[in-house]
Amino acid sequence: MAAVQWTLAQRESSAPLRTGPVRTCIGCRERELAADLLRIVAQSSGTEIAIVPDSRHRLPGRGAWLHPSSVCLSTAERRRSFGRALRVSGKLDISALEHYVENRHEHS
């Protein structure tokens, strides 16, 4: 009987949990709510494939998820996670993504 009372007391005292889809950051490999991560997609432009941010989560194609921080971006680049996560190969241009993360960091 005491275990039931403790569980109820614990449930009442804990902060309300945010719910929603959970995704894994391709940089640090931590699981977070999709609302806290940045979705990225690959868009081909001739011979080069551009990795672009999809802040509205609406662009077509396979997506991957990344914390919008320079640390996770550099980790993902170092580990070559973009090609594997998005299932693309070839020359990847992440300049648009770098620009987005830098500007977001300045405004936060």
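The legends below describe close-up views of a predicted model of one protein.

Residues are numbered from 1 along each chain as its sequence is written, and side-chain values use heavy atoms, with hydrogens and water left out.

**View 1. The elements of the protein along its chain.** The secondary structure comprises 4 helices and 6 strands, where helices (H or I, at least four residues) and strands (E, at least two) are DSSP runs numbered from the N terminus. Read from the N terminus, the elements follow the order α-β-β-β-β-β-α-α-β-α. Of the 108 residues in the protein, 30% are buried, a term that stands for under 20% relative accessible area, with exposed meaning over 50% and partly exposed in between (1.4 Å probe, protein chains only).

View 2. Four strands form an open sheet in the order β5-β3-β4-β6, and their pairing is mixed; two strands are taken to pair if DSSP finds at least two bridges between them. Because β5 (63-66) and β6 (92-93) each have a single partner strand, they stand at the edges, and one side of each is left without a neighbour in the sheet. In general, strands of a sheet pair through backbone hydrogen bonds, either parallel or antiparallel.

**View 3. Strand β3 and its two partners.** Strand β3 (residues 38-45) runs antiparallel to β5, to which 4 bridges join it; among the bridge partners in β5, L66 faces L38 and W65 faces R39. Strand β4 (residues 48-54) is also antiparallel to β3, with 7 bridges joining the two, and one of these pairs A42 with I51. The hairpin of β3 and β4 has 2 residues between the strands, and G46 in this hairpin takes a positive phi near 75 degrees.

**View 4. Two salt bridges.** The whole structure contains 2 salt bridges, each defined as a side-chain nitrogen of Lys or Arg within 4 Å of a carboxyl oxygen of Asp or Glu. In one of them, the side chains of R18 and D36 meet at 3.3 Å, N to O. Since R18 lies in the loop between α1 (2-13) and β1 and D36 in the loop between β2 and β3, the pair ties together parts that are 18 residues apart in sequence. R18 is exposed at 55% relative accessibility, whereas D36 is partly exposed at 32%. A salt bridge also joins R39 to D54, with their closest N and O atoms 2.5 Å apart. This pair links distant parts of the chain, with R39 in strand β3 and D54 in strand β4, 15 residues apart, and both R39 and D54 are buried.

**View 5. Arginines in loops.** R29, in the loop between β1 (22-24) and β2 (31-33), has a positive phi of about 65 degrees although it is not a glycine, and R29 is exposed, with 52% relative accessibility. R87, in the loop between α3 and β6, likewise is a residue other than glycine with a positive phi, near 55 degrees, and its relative accessible area of 64% makes R87 exposed. R79 sits in the loop between α2 (70-78) and α3 (81-86) and is partly exposed at 32% relative accessibility.

Methods
Predicted model: local features only at pLDDT ≥ 70, side-chain atom pairs only at ≥ 80, totals over all residues.
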